[in-house]
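Trainee: Could you take me slowly through one part of this model, the contact between its two chains?

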2 protein chains.
Amino acid sequence: MPKYNNLDTTHAIKTLTETKPYDITALDTRRIRSMTTPIAADLTYSYATAPVDDEIISALDALAREQELLEKYRATADGEIMNTGENRRVLHHLLRGRLEGDVIADGVNLRRFYETQRTRFSDFAAAVRTGKERGATGKPFTTVVQIGIGGSDLGPRALYLALKEWARAEKIAPILEARFISNVDPDDAAAVLHDLDLETTLFILVSKSGTTQETLTNEQFLREAASHRAPHLDISRHTVVVTSQTSPLAENKSYREAFFIDDYIGGRYSATSAVGGVILSLAFGPEVFQRILTGAHDADTAAKTGDIRKNATLMDALIGVYNRNILGMPSTAVLPYSQALSRFPAHLQQLDMESNGKSVNRDGQPVAYPTGPVVFGEPGTNGQHSFYQLLHQGTDVVPLQFVGFLASQAGEDTHFQGSTSQTKLNANLAAQIVAFAMGKQSDNPNKNFTGGRPSTLIVGKQLTPEALGALLAHYENKVMFQGFLWNINSFDQEGVQLGKKLTTELLTGKPSAQLSAYARMLGL
Amino acid sequence: MPKYNNLDTTHAIKTLTETKPYDITALDTRRIRSMTTPIAADLTYSYATAPVDDEIISALDALAREQELLEKYRATADGEIMNTGENRRVLHHLLRGRLEGDVIADGVNLRRFYETQRTRFSDFAAAVRTGKERGATGKPFTTVVQIGIGGSDLGPRALYLALKEWARAEKIAPILEARFISNVDPDDAAAVLHDLDLETTLFILVSKSGTTQETLTNEQFLREAASHRAPHLDISRHTVVVTSQTSPLAENKSYREAFFIDDYIGGRYSATSAVGGVILSLAFGPEVFQRILTGAHDADTAAKTGDIRKNATLMDALIGVYNRNILGMPSTAVLPYSQALSRFPAHLQQLDMESNGKSVNRDGQPVAYPTGPVVFGEPGTNGQHSFYQLLHQGTDVVPLQFVGFLASQAGEDTHFQGSTSQTKLNANLAAQIVAFAMGKQSDNPNKNFTGGRPSTLIVGKQLTPEALGALLAHYENKVMFQGFLWNINSFDQEGVQLGKKLTTELLTGKPSAQLSAYARMLGL
């Protein structure tokens with residue numbers, strides 16, 4: 001059994017505190033050439049512009065060993081109870097393949113359970129795509145709408161958007177259009193539903209517990225809208241559910257199909273389960289979803305590597321903690337130079353901030369050091385014309401996580417002023433990395449760039465399903481490693497409970513005076 | 001002429017440093033009732049959960065007077081050279097109406113110039129909408145595509161999305177569908193263009209300088225795509241430009257129409273100029289755009305009020321600086337409980353971070369205090385299921401800017417488990433404000449909520465064009481007030497220049513060794 005100790009009790013953190021960070025304004029080509037490590041699926045991690053040198057990397061390596069990161073990673077894959085507060089295993093790796101042995105719980109082989117569900121929804125998706133499974137009036141489905149929130153929305157939506165252009169370029173057919181309803185704001189459902197042809201639309205209701213307020217409310221919204229607009233249509237024949245076997249939704253026989261996950265798949269880690277799998281298999285085919293899983297599994301496997309110089313995910317996690325705890329940087333930006341990844345930062349924002357935005361350790365004791373940072377981001381080059389001003393010249397330093405690809409997805413391009421769009425895109429990326437690291441002195445302080453603004457870079461050949469799966473798993477594993485470093489539980493979310501409780505108090509008529517005062521202000 | 005002094009030279013900042021913040025865990029209903037101020041267009045600002053009390057508010061008032069915020073605001077409206085580095089006036093207020101007198105520059109009445117442009121694009125939009133102005137093959141336009149980046153994209157896009165459902169519910173007809181191409185990533189243009197009917201699409205090319213790399217490249221992408229897909233079509237008859245009169249685009253006679261702005265309208269402040277006005281007038285009609293301007297002008301006027309207790313925008317600005325400079329909070333979240341405002345935080349991110357992410361003062365001297373914070377956000381309730389965990393229980397405190405509305409836009413709703421969606425939405429909002437402020441003690445540290453997490457709230461009746469305009473102007477003016485407090489120039493963006501320069505060096509064959517090394521890694 002690994003030992004669980006707070007970050008500030010380690011020897012390595014003391015060493016790191018006493019060691020000067022590497023001055024990245026002195027960036028040289030030797031660093032750029034040598035400080036790269038493969039992840040998986042043709043993704044490479046480059047950390048030449050991180051403020052670390054051999055001495056710091058050795059201390060980070062020592063920290064990784066002292067905090068037994070790989071042992072904890074293996075224990076997770078092996079099915080130990082890593083979500084201590086909720087007494088749950090953490091098994092999203094098993095969705096992608098066998099990382100350690102099988103996990104047997106209460107006599108059930110859970111890998112086979114996930115595998116069975118995947119086979120079921122793959123078959124269903126294939127039947128929908130070939131027109132074997134059709135709507136209640138006999139028409140083939142052309143659109144799928146996911147009704148879910150948080151992990152049942154952000155990951156699946158980000159992955160769908162990430163592959164939509166790729167699938168078109170690859171002439172994947174049919175591509176079922178996917179839409180998403182998440183917010184309890186009725187304008188969200190109204191906007192998505194108003195121009196849909198319900199006869200050719202399949203709805204996927206996603207809630208692990210089967211009790212998510214927003215999702216059940218939006219289901220009701222759908223049912224009422226359908227009963228007005230298409231009273232002849234049996235909307236239950238147009239609705240499948242993704243839930244746990246013990247949830248109220250699972251008991252409802254009126255859905256067309258039910259696909260199952262369980263308590264060992266956390267919402268924010270559920271993109272590779274049926275939560276993401278049903279909609280992605282419907283939209284692009286089960287083969288494409290399998291390719292995402294392959295990429296993720298390859299990244300999961302790579303993250304087991306012992307030498308941190310050969311384990312990009314471990315290195316990325318350690319550099320992030322170095323920026324946060326040694327250099328005191330409170331936020332980090334995710335900057336994909338790929339329009340297809342437009343909502344990937346929003347997914348990572350949940351993954352990271354919900355996992356590691358904690359103030360108590362794994363044993364429930366307050367920690368005396370900063371944990372998870374604020375995570376935000378938008379695609380480049382768009383961000384360059386937006387918030388990069390602050391990143392370059394603001395008073396706080398924000399570490400940057402760049403992502404780029406050699407080739408575009410659609411393969412369509414134009415030659416203008418001596419270069420293609422893709423060349424311009426990547427020239428901008430290269431220029432930003434160097435500009436942030438090295439800066440440029442000017443006698444005019446307003447035009448002065450101090451540099452010293454750290455970054456890392458993940459480069460892929462193209463944003464394929466495998467690359468996307470590897471990218472997703474890289475970040476999932478990075479967040480877990482950081483949770484182990486901070487000695488926190490990255491798998492619960494007690495912080496969301498108080499708001500839920502007060503909402504219920506308000507809606508059921510037992511609010512505090514303060515709550516009532518705000519309710520009045522808000523027209524309730 | 002107002003005096004320009006650094007924040008740390010003021011007497012008030014010393015008073016504030018020596019004064020204890022108000023403990024918002026002690027929130028009471030008297031505060032909730034009394035600490036509200038109207039903005040404009042039925043928007044009200046509530047700051048009961050900000051960590052300020054009478055003593056602090058008095059000191060903030062003194063700070064506002066000491067930094068002569070209103071004088072500087074009036075000087076801006078009056079046409080003084082507020083963008084000192086670039087020697088430019090800052091005149092976006094004039095787009096909405098006369099705040100001070102007229103501004104005459106080089107013999108030109110600039111309000112009339114902006115008014116003339118607005119009349120021109122209003123007439124054009126009306127003619128397109130009635131089918132008088134048609135495509136080259138005689139078909140009416142049904143879709144408008146804006147090609148622009150940064151301020152030519154984020155604001156117009158956020159406003160379009162904010163009013164799309166409202167326009168549908170109001171039976172505004174026709175609603176021209178708007179799309180946006182921004183990124184130099186060729187997959188962005190490819191994705192937007194591939195299923196468009198070019199014969200019924202009007203393109204709006206937006207670049208003040210007429211030299212924006214991304215925008216010109218995407219124009220070329222469009223021309224090539226059109227020449228392949230619709231060789232018979234004269235695409236220049238399908239393209240209008242928004243630019244300055246001195247730009248290369250203005251000289252090109254081959255566009256169907258050119259609408260003008262000038263150097264006194266900064267990109268991130270340009271949503272109410274032709275930059276936003278052409279596309280919004282085309283999409284929803286010039287009357288709707290005029291209503292946005294009316295709301296903005298009303299907010300501009302309200303921001304002139306002397307008493308900070310009656311000037312919500314001034315109060316909001318001062319509270320933000322209090323959180324940033326006295327309490328040391330490095331980021332802030334914008335959390336609209338309105339799906340229609342899904343991209344409004346991205347616009348504010350640019351507006352705020354590009355305006356105030358500066359390290360030198362107005363005279364180009366380094367400042368010794370933090371300036372603009374990191375700004376991020378997503379709509380509620382979505383964010384509750386994503387990053388709110390960190391906001392409630394993370395180790396850093398993030399001040400929160402909530403926005404909500406009494407009524408939805410579409411007016412469609414469902415009754416489920418005793419309440420409507422809209423009621424649930426606002427009950428969640430009320431619950432979150434109280435939960436963040438007051439917290440809730442628990443013997444289990446993992447379920448403990450310390451509270452003391454400050455917020456403010458803007459409440460409107462409904463997200464109408466007027467409310468949207470007022471909301472936009474409120475934030476623009478807030479950002480300007482904060483810039484005055486920090487004594488920085490909120491109107492330039494020198495921080496974006498180095499990246500542009502290095503990109504050009506790379507593309508034109510004169511890169512440094514480091515730049516070349518990254519270029520190789522990125523396949524260039």
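Mentor: The area buried between chain A and chain B is about 11,200 Å², and carbon and sulfur atoms give 63% of it; buried area here is the accessible area, taken with a 1.4 Å probe, that two parts lose on being put together, summed over both. His385(A), Tyr518(A) and Leu522(A) supply 7% of the area that chain A buries against chain B, which is more than any other three residues.

Before going further, please keep in mind that this is a predicted model, in which local features need pLDDT of at least 70 and side-chain atom pairs count only at pLDDT 80 or more, whereas totals for chains, interfaces and linings use all residues. Residues are numbered from 1 along each chain as its sequence is written, chains are lettered from A and ligands numbered from 1 in the order in which they are written, and side-chain values use heavy atoms, with hydrogens and water left out.

Counted by residues, the contact (heavy atoms within 4.5 Å) takes 134 residues from chain A and 134 residues from chain B. The same surface serves both copies, since 100% of the contact residues of chain A recur in chain B.

In one of them, Asp396(A) pairs with Arg324(B), and their closest N and O atoms are 3.2 Å apart. There are also 56 residue pairs in polar contact between chain A and chain B, with both residues at pLDDT 80 or more; a polar contact is a pair of N or O atoms within 3.5 Å, and within protein one must be able to donate a hydrogen and the other to accept it, while residues adjacent in sequence count only if both atoms are side-chain atoms. Helix α15 (residues 421-438) of chain A provides 16 residues, the largest share of the side of chain A that touches chain B, a helix being a DSSP run of H or I with at least four residues, numbered from the N terminus.

Terms used
A salt bridge is a side-chain nitrogen of Lys or Arg within 4 Å of a carboxyl oxygen of Asp or Glu. Helices (H or I, at least four residues) and strands (E, at least two) are DSSP runs, numbered from the N terminus.
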